[in-house]
Amino acid sequence: MTLTNVVPLSDKRPLTVRMATPRGFCAGVDRAIQIVERALEKFGAPVYVRHEIVHNRHVVERLKAMGAVFVKDLDECPDDRPVVFSAHGVPKSVPATARSREMLFLDATCPLVSKVHVEAERHHANGRHIVLIGHAGHPEVVGTLGQLPPGSISLIETVEDAEAFQRPGDAPLAYATQTTLSVDDTSEILATLKRRFPELPDPHKEDICYATTNRQEAVKRLGDGCDLVLVVGSQNSSNSVRLVEVALRAGAGAAQLVDDASHVDWSWFEGVQTLGITAGASAPERLISELVEAVSARFEAMVIEDAGERETVTFKLPRILTA
């Protein structure tokens with residue numbers, strides 16, 4: 001008997017793919033990118049951007065192709081072209097300099113970072129010395145330190161730093177955090193500080209931004225049952241690096257940070273039956289889709305959307321871009 005119209009069974013190895021929810025862009029990142037895009041539409045190219053608007057290579061390269069010019073300092077910007085400040089925030093001296101030069105500037109600082117700045121100023125006005133939990137040199141930390149006079153804030157990076165910290169004089173204390181930290185690591189540092197300085201307020205859930213918290217919680221669910229977790233994001237993205245750490249801590253067999261599908265080493269998949277995929281808050285959805293396509297081209301992938309927090313937060317654009 002001759003068989004016809006028989007579809008051969010796939011010879012691909014089966015693979016369960018669990019997609020973290022939420023993943024990818026957060027509201028602050030989306031707003032910052034829109035500010036650059038709208039500025040290019042309204043004012044034409046070039047539009048200057050102080051530092052990377054968000055920490056993602058693909059986003060930066062796309063905006064460069066549209067006419068954005070990324071610089072490290074205002075000294076590199078002409079007075080007669082718009083300049084955008086990145087989502088991470090800037091020291092107060094930066095907009096002050098821009099005003100003195102009568103520059104048109106647009107502040108793309110994430111509103112949740114701006115909230116940290118406002119709280120730091122409030123604590124300072126009340127005579128408190130601020131302990132800032134964060135990573136030295138990160139643009140967000142540089143921006144927060146630059147909101148107040150030198151010496152007003154002490155930076156704490158680790159539990160060891162928290163143990164060694166000495167109160168300056170008899171000043172009462174307050175604390176603030178970088179918004180993209182590991183929730184668990186920050187809790188350990190705060191517990192150490194609270195033990196040593198009981199007057200510090202109890203931690204609040206919102207001290208680390210909702211998007212960072214949600215993405216870490218989603219990865220904890222993945223890590224508990226995945227042989228490998230791939231995190232789409234750039235190496236200089238703090239929140240993306242934290243997702244790798246959280247996945248491993250949650251029990252993932254392995255976890256890797258990849259810029260995009262082209263950076264995947266397929267030898268990582270040896271023995272992998274369940275793959276988890278997520279993305280940092282500055283990674284475009286396109287990169288996630290391309291990674292799923294690349295996986296599906298090599299495996300008989302069963303893609304499952306994990307249950308998770310559905311985000312509905314949006315942030316308004318500057319009025320100058322919407323009028």
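**Close-up A. Helices lining the second largest pocket of the predicted model.** Helices H6 (159-164), H7 (183-196) and H9 (238-249) each supply at least two residues of the lining. H7 gives the largest share, four residues. The pocket has a volume of about 200 Å³. It is lined by 16 residues, and those closest to its centre are His135, Glu157, Thr158, Asp185 and Ile189. By class, the lining divides into six charged, five polar and five nonpolar residues.

**Close-up B. Contact of helix H1 with helix H2.** The axes of H1 (residues 27-43) and H2 (residues 57-66) come within 11 Å and cross at roughly 10°. The crossing angle is under 35 degrees, so H1 runs roughly parallel to H2. H1 makes the contact through Ile33, Val36, Glu37 and Leu40, and H2 through Val59, Arg62, Leu63 and Met66. Six of these contact residues are nonpolar, two are charged and none is polar.

Close-up C. Pro22 sits in the loop between strand E1 (13-19) and H1. Pro46 belongs to the loop between H1 and strand E2 (47-50).

**Close-up D. Positive phi at His51 and Glu102.** His51 has phi near 70° and lies in the loop between E2 and H2. Its relative accessibility is 28%, so His51 counts as partly exposed. Glu102 has phi near 55°. The loop between helix H3 (93-100) and strand E5 (105-107) holds Glu102. Glu102 counts as exposed because its relative accessibility is 70%.

Conventions: Residues are numbered from 1 along each chain as its sequence is written. This is a predicted model: local features need pLDDT of at least 70, side-chain atom pairs count only at pLDDT 80 or more; totals for chains, interfaces and linings use all residues. Side-chain values use heavy atoms; hydrogens and water are left out. Axes are lines fitted to C-alpha atoms, for helices over the stretch in contact, and angles run from 0 to 180 degrees between N-to-C directions. Angles under 35 degrees count as roughly parallel, over 145 as roughly antiparallel, 65 to 115 as roughly perpendicular and the rest as oblique. Contact means heavy atoms within 4.5 Å. Ala, Val, Leu, Ile, Met, Phe, Trp, Tyr, Cys and Pro count as nonpolar, Asp, Glu, Lys and Arg as charged, and the others, Gly among them, as polar. On a 1 Å grid over the protein atoms alone, a cavity is a set of points where a 1.4 Å probe fits but cannot get out, and a pocket is an open set with protein on both sides within 12 Å along at least five of seven lines; lining residues have an atom within 4 Å of a point. Grid points are joined across faces, edges and corners, and a volume is the space filled by probe spheres set on the points. Buried means under 20% relative accessible area, exposed over 50%, partly exposed in between (1.4 Å probe, protein chains only).
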